[in-house]
Amino acid sequence: MLTRAHRRIRSLLREGGELRRRRLHLLPPTPAPRNAPEHHSLVAGADLHEEFGRIEFPIKFAYRNLKFIHVGKSGGSTIRWELLSAGIQLEEYHVRKPIWRPEYWYFIWIRNPLHRFVSAFNFSKEIIAFDLSSCDGEKLTMNNCPAPHYIQHRFDHGYAFEPSYDGLLSSFSSPNALAESLTSNNRKLRQSAHALMRHRQGHIYKGLGWYLDNGAFVRNFRNQLLFVGRLEHFNEDLARLADKVALPLANSSRPTHKRKGNTQLPRDLSTKGLDNVRKFYEPYDYAALRALLKHGFISQEHFEQYREF
């Protein structure tokens, strides 16, 4: 039985979200201008072409008051697939800061920062190292390249993200090489490592701390943070979210294809590398996790697990 609070939440989420039977036709996104502001807007679902190809989703529900904070390399693309497959459209904050409004409710998916770091580095590395001669630039899909949008940008402009970011990535052969270089005795290498870790492109810097303002978002707006899901418990937490806000999720088949790229990229981190990454993210991602812990969104056990690799 739904509590009074749950009924109020459902009422807020459905406000203005009447049944819509229209087609959302997803087209390839246009690369943002190099001088575009960092907090650019994304139309809900518009960049799904990058992951899933050209797909039409029949939209049935528009949840105008429910917002998804999509931290890169934390399961967000699968969340989007699940929602759109069920005909659910809502706004997400991805590579842009969440905007607070008193009528909004927010949910977020999180991941072990150490694992997310490795995934974020390898995601970018696959894109800039991908052999362009192995595919047709006019027929890019997830089945023949790691990320059609960025690979198309390489075909068109000669770089995937922007020249400075691509160049810094080329300086490091693996996530561990980057991690260990954060305390290198070589000043130039150390500076390059810190520049890459703080670069506005990609997902290495834009982790949980970036989206939650190092925990300030949790402290200030915790009463509107409706749910925190964990990548490590994806199915369980997705079911809990659906139950909490009565999301009519379908038993959809998640995309079975994987990004075409070099699946042999190294994923190990040395003791030195781990210590350096933990230290780097301490005032950012781990500060956000401490705020989530303090206000009861995650357990002490889960917080401790997120410090291990």
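**Notebook: helix packing, cores and selected residues**

**Entry 1. Helices α4 and α5.** I looked up the packing of helix α4 (residues 113-129) against helix α5 (residues 148-157) and found an angle of about 35 degrees, with the axes 9 Å apart. Axes here are lines fitted to C-alpha atoms, for helices over the stretch in contact, and angles run from 0 to 180 degrees between N-to-C directions. Helices (H or I, at least four residues) and strands (E, at least two) are DSSP runs, numbered from the N terminus. I noted the crossing of α4 and α5 as right-handed; that term applies if the near helix is turned clockwise from the far one by less than a right angle. On the α4 side the contact (heavy atoms within 4.5 Å) is made by Phe 123, Ile 127, Ile 128 and Ala 129, and on the α5 side by Tyr 150, Ile 151 and Arg 154. I sorted these residues into 6 nonpolar, no polar and 1 charged. In this sorting Ala, Val, Leu, Ile, Met, Phe, Trp, Tyr, Cys and Pro count as nonpolar, Asp, Glu, Lys and Arg as charged, and the others, Gly among them, as polar.

**Entry 2. Basis of the model.** I record that this is a predicted model, in which local features need pLDDT of at least 70 and side-chain atom pairs count only at pLDDT 80 or more, while totals for chains, interfaces and linings use all residues. Residues are numbered from 1 along each chain as its sequence is written, and side-chain values use heavy atoms, with hydrogens and water left out.

**Entry 3. Nonpolar cores.** A nonpolar core is a set of buried Ala, Val, Leu, Ile, Met, Phe, Trp, Tyr and Cys residues joined through side-chain atoms within 4.5 Å. Buried means under 20% relative accessible area, exposed over 50%, and partly exposed in between (1.4 Å probe, protein chains only). In the largest core, of 57 residues, I found that Phe 117, Ile 204 and Leu 292 touch the most other members. Helix α4 gives the most to this core, with 8 residues. Another core, of 20 residues, lies apart from it and includes Phe 61, Tyr 63, Leu 83 and Leu 247. Beyond four places in sequence, the contacts of Ile 204 include Phe 117, Phe 121, Tyr 165 and Leu 178.

**Entry 4. Two buried serines.** I located Ser 74 in the loop between β3 (61-69) and α3 (76-85). Ser 74 counts as buried because its relative accessibility is 1%. Leaving aside neighbours within four places in sequence, Ser 74 is in contact with Trp 109, Ile 110, Arg 111, Arg 116 and Leu 231. Its C-alpha atom is separated by 8.1 Å from that of Arg 230, 156 residues apart along the chain. I then turned to Ser 181, which is found in helix α7 (residues 175-181) and is buried at 7% relative accessibility. A polar atom of the Ser 181 side chain lies 2.7 Å from the backbone oxygen of Ala 177.

**Entry 5. Positive phi.** I checked Val 95, in the loop between β4 (88-93) and β5 (105-110), and read a positive phi near 50 degrees. Val 95 is buried, with a relative accessible area of 17%. Asp 213, in the loop between α9 (208-211) and α10 (216-221), also has a positive phi near 50 degrees. Asp 213 is partly exposed, at 40% relative accessibility.

**Entry 6. Helix α13.** In helix α13 (residues 285-294), 7 of the 10 residues are buried, so the helix is largely enclosed by the rest of the structure. Among the buried residues I listed Tyr 286, Leu 289 and Leu 292. Gly 296 follows α13 and has a positive phi, near 85 degrees.

Terms used: A polar contact is a pair of N or O atoms within 3.5 Å; within protein, one must be able to donate a hydrogen and the other to accept it, and residues adjacent in sequence count only if both atoms are side-chain atoms.
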